[in-house]
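Student: I am new to this structure and would like to take a close look at a single part of it. Could you walk me through that part carefully, once we have the whole in view?

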Amino acid sequence: MFGKKKKAEAAKAEQEASKKTDGRILLYSDIIDALYDEMPREEREALLEAEQQLEEKVYLGKVMRDLRIALEPVAIKSQLSPQGKQIFWNITAGGYQLTGVGLASQAAMLFSGR
């Protein structure tokens, strides 16, 4: 009985750990795919910087914030590549935050009075 419980807990912990990396892996994969296409210089530089940050294991929220800020001027000019548009949309819509950690931390800040 105890062995089954420990196995179930271990499986659940492994599943939670894999969820935490899903957003990072998905963003990295999307960036790699996008870099094969033609795009404006500013977009390419922003994606290359984000790729480097992800490889250095920089906090995902910071990578997404920096990338959003860098892509915003290109998006305003409507010059993003199709893949760049998808990445930008996923960042602004929270598509890479698969774990819900962002929402939990925002709710904690809201209710903590900070």
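Student: Which pattern does the protein chain follow when read along the sequence, and where is Q53 found?

Tutor: Read along the sequence, the protein chain follows the pattern α-α-α-α-α, with five helices and zero strands, where helices (H or I, at least four residues) and strands (E, at least two) are DSSP runs numbered from the N terminus. This is a predicted model, in which local features need pLDDT of at least 70 and side-chain atom pairs count only at pLDDT 80 or more, while totals for chains, interfaces and linings use all residues. Residues are numbered from 1 along each chain as its sequence is written, and side-chain values use heavy atoms, with hydrogens and water left out.

Q53 is found in helix 2 (residues 41-55), and Q53 counts as buried because its relative accessibility is 9%, buried meaning under 20% relative accessible area with a 1.4 Å probe, protein chains only. Leaving aside neighbours within four places in sequence, Q53 is in contact (heavy atoms within 4.5 Å) with V58, K62, V63 and D66.

The axes of helix 2 and helix 3 (residues 60-76), which are lines fitted to C-alpha atoms over the stretch in contact, with angles from 0 to 180 degrees between N-to-C directions, come within 9 Å and cross at roughly 175°. The two helices are therefore roughly antiparallel to each other, a term for angles over 145 degrees.

How values were computed:
Buried < 20%, exposed > 50% of the residue type's maximum accessible area, 1.4 Å probe, protein only. Parallel < 35°, antiparallel > 145°, perpendicular 65-115°, else oblique.
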